[in-house]
Amino acid sequence: MFLDGLLSLSDFVIGSVHEAAVRAIEDMRMIRLAAEESRAFAEAILQPRELPARLKTAAQRHIRNLDH
């Protein structure tokens, strides 16, 4: 028997598992980057490097092959 206002053991376990599951889902949705990595990522998006000629050629060849 439990006192009024206290959770049963099964209620406690279910609540704890639910909270852990919610945290796990939230963690999976978030990409956590350190400040340095965040800056590098932003710079790469804002100022992408020029693609090497071989990669451009391969991409163009791939696009032509998709058309056929």
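These are my notebook entries on what I looked up in a predicted model of a single protein chain.

**Entry 1, confidence.** I began with the pLDDT, and found that the protein chain averages 84, with 87% of the residues scoring at least 70. Going through the elements, I noted that helix α3, residues 53–67, has the highest mean pLDDT at 92, while the lowest, 87, belongs to helix α1, residues 9–29.

I then looked up the elements and counted three helices and zero strands in the protein chain, so that the order from the N terminus on reads α-α-α, as the DSSP runs are numbered. For helix α2, residues 35–46, I checked the span: its 12 residues reach 16 Å from the first C-alpha to the last, which is close to the 16 Å expected at 1.5 Å a residue.

How many of the 12 residues of α2 are buried? I found that the number is zero, and therefore I describe α2 as lying largely in the open. For the protein chain, with its 68 residues, the share that counts as buried is 0%.

Which residues form a nonpolar patch on the surface? I listed L7, L9, F12, V13 and V17, which together have about 520 Å² of accessible area. I followed up one of them, L9, which is found in helix α1; L9 counts as exposed because its relative accessible area is 59%, and the cut-off for that class is over 50%.

Are the two partners exposed or partly exposed? I recorded E50 as exposed because its relative accessibility is 62%, whereas K56, at 35% relative accessibility, counts as partly exposed.

Notes
Residues numbered from 1 in each chain as written. Predicted model: local features only at pLDDT ≥ 70, side-chain atom pairs only at ≥ 80, totals over all residues. Heavy atoms only, no water. Buried < 20%, exposed > 50% of the residue type's maximum accessible area, 1.4 Å probe, protein only. Helix = DSSP H or I, 4+ residues; strand = E, 2+ residues; numbered from the N terminus. pLDDT = per-residue confidence, 0-100. Patch = residues over 30% accessible without salt bridge, like charges linked within 9 Å, V, L, I, M, F, W, Y side chains within 5 Å. Areas by Shrake-Rupley, 256 points an atom, 1.4 Å probe, with all protein chains shown as cover. Salt bridge = Lys/Arg side-chain N within 4 Å of Asp/Glu carboxyl O. Expected span 1.5 Å × (residues − 1).
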